[in-house]
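Morning, everyone. Let me put the model up, and then we'll walk through it.

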Amino acid sequence: MANPYDVNRSWPDYFLEHRRLTVEQQGTYRCGDLPVWTVYCPAGLLGNSTVVEGPEGLIVYDTGVNHPAGEVIAAEIKKISDKPVKAIFYSHHHTDHYNGASAIVDPADVAAGAVDIYAWENFGAEMANEFGELLQRQAMGSGYYGGAFLSPEDRHHHGIGTLPTGGAPGFIPPTKLLSEDTTLTIAGIEVKAFYTGGEAISEFGLHLPEFDLIAIADEFFTGIPNMHTIRGSKPRIPDNYISALNKVLEIRPEWLVGSHIRPIEGKDTIAGHVSKYVDATKYLWDQAVRLINKGYTPVELQHALKEFPEELWDPPYTVPMYGTPFTTLPEFFTGWVSWFTGDSTDMFPSPPAHKAARLAELMGGADAVLDAAKADHASGDHQLAAELAQIALRADPGNEDARLVKAAALRARGYQELNPIARSWYLTGALELEGAMDPAQVLAAYGAMMSVDKSAVDTVRGWRYQLDAERAKGVSLAVGIRGADTGEEVTVRIRHRVLHVEDGIADDAAVVVEATPEQLRGNEAPKIISGGEAAWHQLRSLLDTEWTTFYMHMR
């Protein structure tokens, strides 16, 4: 719908300069005369790939955000060398680091052992936790924070690249898992893998002593670290970022390459940038802890430390273009203290719609609240305007004018915002309120790109999160399942409205089936081995497998 509350498009001064320093520099960069190249922002997308040529072949550190990005990387590799890829390293379990692999190497070569794919030992568990069990919420969050669904006029960089609107996945599971700092010889090159655990606790870097070079991933960016991502994540540990960067300072390499930077040359130059990055990270964490111990709540932390000190600015690195204080600081409270601020009033609050209806009543009705929101928007207080419009919209969900005022206020607030992720969320929220963005489109595009193939039994293990507890009331049931792909056998047991997965086929299984992963994900009937199919249908009827779209701003 057209919004009558026009907002003029604008960008903060440094916003476009940062794009010039980052995304607009996309290309392939060689580290001097070394046989090491970084494919930077392939096709403008976030997620670099570092390629190392050895006497016997190539090593690739990270493979891009999706299969199309991997194709760009593969084309660049062909320009570099005709030697075969001998090994791939997945720096960690985030999509922009592993999802282009099948464009770079043939999965059949991986299966045959001609190509090794290395990851840290917790890679699979962390990927399943962040992008498996919570895939639908992560997919929705990624659509809002990446700006992929904004209009061409509003689309912008992500601080470290741009996000695609989807794209086929190209993940190939790792074949070799690392559990400790390890020295390897691959393609005739000595490679020292060292654990970092910064943005992701499955993360590690590489040290190539022969080239006096370090490759790291999500501990050093063109932007201060995103120590909390508003798309959703488990707490990220600031000291892990710091220890990873201190490792760089300890080694003092001549070259630093990474998954979100262009190559940096010179021991002193690298030390200068990295030291300031350490200080920026420590500043946010240390000052937050100091203030938390003085009783500051998440909102109070946001306002107390909202300005990033100028002496810590080091463009394009320590600038609030990836992480930013006001989205990071609340997580330091909720992740290390509690979601509960300490005020008992907030322990079990009233439902938002009920509270909004009462507030609107006390303020003279939803129309009066909306008039105040319009006045604040006109005067430039767009944040308060959005908060007031939210009260009016919750009190009167069918109020189209309230939706448009809130949309306009969020858009104006977004245009003021320097941080690309926050800016994207504001602007995408405005589109949602205006009906110009379909959340189902977001869920479908990112769900497909972020999903990975699972075995039959791994699919079954995820059913615990799909059991509808109301449907399962009073149900006691055991069903045996054999994976047609691996031969692995498990029993699904329902009791007390909880789904358990046990190894092996239990003697009391009412039915035993053999199923492929596709049958378990869809509605196709599996092969009945023993028992009656009614028990199988009963089990499936208890599962809530529908992908449900939802709104972030209209509730």
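This is a predicted model: local features need pLDDT of at least 70, side-chain atom pairs count only at pLDDT 80 or more; totals for chains, interfaces and linings use all residues.

Start with helix 14, residues 382-395, and helix 15: they pack at an angle of about 155 degrees, with their axes 8 Å apart. Helix 14 is therefore roughly antiparallel to helix 15. On terms: angles under 35 degrees count as roughly parallel, over 145 as roughly antiparallel, 65 to 115 as roughly perpendicular, and the rest as oblique. Axes are lines fitted to C-alpha atoms, for helices over the stretch in contact, and angles run from 0 to 180 degrees between N-to-C directions. Helices (H or I, at least four residues) and strands (E, at least two) are DSSP runs, numbered from the N terminus.

Residues are numbered from 1 along each chain as its sequence is written, and side-chain values use heavy atoms, with hydrogens and water left out.

Back to the pair. Helix 14 passes helix 15 in a left-handed crossing. Left-handed means the near helix is turned anticlockwise from the far one by less than a right angle; clockwise would be right-handed. Who meets whom? From helix 14, the contact takes in His382, Gln383, Ala385, Ala386, Ala389, Gln390, Ala392 and Leu393. Helix 15 answers with Ala402, Arg403, Val405, Lys406, Ala409, Leu410, Ala412, Arg413 and Gln416. Contact here means heavy atoms within 4.5 Å. By class, the residues of this contact are ten nonpolar, four polar and three charged. For those classes, Ala, Val, Leu, Ile, Met, Phe, Trp, Tyr, Cys and Pro count as nonpolar, Asp, Glu, Lys and Arg as charged, and the others, Gly among them, as polar.

Helix 15 has another partner. The axes of helix 13 (residues 366-379) and helix 15 (residues 400-416) come within 10 Å and cross at roughly 25 degrees. That makes helix 13 roughly parallel to helix 15. The crossing of helix 13 with helix 15 is left-handed. On the helix 13 side, the contact uses Leu370, Ala373, Lys374 and His377. On the helix 15 side, it uses Asp401, Ala402, Val405, Ala408, Ala409 and Ala412.

Is Ser379 buried or exposed? Ser379 is exposed, with a relative accessible area of 58%. The cut-offs: buried is under 20% relative accessible area, exposed is over 50%, and partly exposed is in between, with a 1.4 Å probe and protein chains only. Ser379 and Asn66 are 313 residues apart in sequence and 44 Å apart in space, C-alpha to C-alpha.

Helix 8 and helix 9 (residues 267-292) have axes that come within 10 Å and cross at roughly 165 degrees. The two are therefore roughly antiparallel. Their crossing is left-handed. Helix 8 brings Pro238, Asp239, Tyr241, Ile242, Leu245, Asn246, Val248 and Leu249 to the contact. Helix 9 brings Ile270, Ala271, Val274, Ser275, Tyr277, Val278, Thr281, Lys282 and Trp285. That contact divides into twelve nonpolar, three polar and two charged residues.

Next, the backbone. Arg252 sits in the loop between helix 8 (238-251) and strand 12 (255-258). Its phi is near 55 degrees, a positive value in a residue other than glycine. Arg252 is partly exposed, at 35% relative accessible area. Asp212 also has a positive phi, about 50 degrees, although it is not a glycine. Asp212 lies in the loop between strand 10 (204-208) and strand 11 (213-216). A cis peptide bond joins Pro315 and Pro316, with omega about 5 degrees. Pro316 is in the loop between helix 10 (298-304) and helix 11 (325-336).

Last, two buried residues. Pro439 lies in helix 17, residues 439-450. Pro439 is buried, with a relative accessible area of 2%. What does Pro439 touch, not counting residues up to four places away in sequence? Met140, Tyr144, Thr549, Phe550 and Tyr551. Glu76, in helix 2 (residues 67-80), counts as buried at 17% relative accessibility. Leaving aside neighbours within four places in sequence, Glu76 is in contact with Thr28 and Val39.
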